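Here's a quick briefing on how the inside of this protein is put together. Have the structure open while you read.

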Amino acid sequence: MKGENSNQSISYWKLFNAQMHFFNVLSYFLLFGCGLSLGVILSFHLKNYSLALHITQLPLSTRSASTLAQPPPSQPFNPVSGTSHGDRIGLTEFLEPPHVMHDMDDKELLWRASLAPRIPQYPFHRVPKVAFLFLTKGPVPLAPLWEKFFKGHQGLYSIYVHSDPSFNLTEPEGSVFHGRRIPSKEVEWGNVNMIEAERRLLANALMDYSNQRFVLLSEACIPLFNFSTVYSYLINSTQSFVESYDLPGPVGRGRYSRRMRPQVTIQQWRKGAQWFEMDRDLAIEVVSDQIYFPVFQKYCKGACYADEHYLPTFVAMKFANKNSNRTLTWVDWSKGGPHPAKFIRTNVTVEFLERLRSQSQCQYNGNTTDICHLFARKFSPDALYRLLKFAPKVMQFHE
């Protein structure tokens, strides 16, 4: 019995030693694994540290060249400001109008010009300007007279000239007309493309946020008053000046086409002079019109004479309460025919110019006035000498 207990104890002791041996071996393996892992980590750490130290010791010129060699990230083009290359655009840059000789087509131009702020207060000091829109065949032969008219009033006006694309002469440097021609297309008398040219002029002028009033003129127009009078009259007016009236007969309602219905009816059809003056709000509406103007483009052709009917009809239909229904440009239709009388050199006298300035009465901002026309036409180029001689005295131009 005692022997059996002794043998059993020996067996337990052997089993215990075997277990201890197993745990010792396992411990060695764990210690070896930890050491190996620590060695690998230290090895990578020392390698990265050596590389970083090597980089910091590189010459400054080498690192600068490497930095400069990196190409700048490409910057998207901004269709509103017209800039790219990563230029920062502040309000000043955004308000800067593009050069008048730009690369926009009519669709792009009208779209951009139609952009209008919804907040009426301007977040900058704005001096309102008058935009003078010259629709011409070629040069402005009466330019020396206009030079005297504009002299001394920089910052209060803008000039835009739409001439035939075939005209390629350049106005002399120093002239108010130098560099003021816009991208133009051919215009035919009485054709709807004359309205397209007018919209093109308005659109270019609208891109200058300072332009508040817009007046259409021809190369045969002259001013009847000095700049200060014209500027005050236009800027302070509560209405636009688009002649519009209903005229029965062949040269009025007789030009209407039934194919214009339902957008334009015979009762809405109006006639008037093409020489308009309007405020900024109306100008935006004109360039944005995609309902009525396409109708005129399609159906007012030939003897319809769209330039005498589109604006008078459009304004009477949509903005009659903001319109004076008269033009500011005087013409003489007393001789009849499709064109007004033309005035040559011998017609220009002091008495004649004085008569044009105050020959009628009209309403201005609810009051009666004898200043009803600010401009007059048609004056031939040979009248320039006598206009330069008499007009500055009569109109009291700034010297």
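The largest cavity has a volume of about 100 Å³. Keep in mind that this is a predicted model.

**Cavity**
- Counting those of 30 Å³ or more, you get one cavity.
- Ten residues line the largest cavity, with Arg112, Leu115, Leu206, Met207 and Tyr209 lying nearest its centre.

**Nonpolar cores**
- The largest nonpolar core has 47 residues, and Phe132, Trp146, Ile222, Leu353 and Phe379 have the most contacts inside it.
- Several elements supply at least two residues each to this core, including strand 1 (129–135), helix 5 (143–150), helix 7 (227–235) and helix 11 (350–357).
- Helix 12 gives the largest share of this core, six residues.
- Leaving out residues up to four places away in sequence, Phe379 touches Leu142, Ala220, Ile222, Phe343, Val348, Phe352, Leu356 and Leu387.
- There's also a second, separate core of 46 residues, with Val100, Ala113, Ala205 and Leu206 among them.
- As background, nonpolar side chains tend to be buried together in soluble globular proteins.

- Strands 4 and 9 pair in the antiparallel sense over two bridges.
- Ile222 stands opposite Ala376 in strand 9, and Ile222 is also one of the residues with the most contacts inside the largest core.

How values were computed: Residues numbered from 1 in each chain as written. Predicted model: local features only at pLDDT ≥ 70, side-chain atom pairs only at ≥ 80, totals over all residues. Heavy atoms only, no water. Core = buried A, V, L, I, M, F, W, Y, C linked by side-chain atoms within 4.5 Å. Buried < 20%, exposed > 50% of the residue type's maximum accessible area, 1.4 Å probe, protein only. Helix = DSSP H or I, 4+ residues; strand = E, 2+ residues; numbered from the N terminus. Contact = heavy atoms within 4.5 Å. Pairing = 2+ DSSP bridges. 1 Å grid on protein atoms, 1.4 Å probe; cavity = no way out; pocket = protein on both sides within 12 Å on 5 of 7 lines; lining within 4 Å. Points joined across faces, edges and corners; volume = space filled by probe spheres on them.
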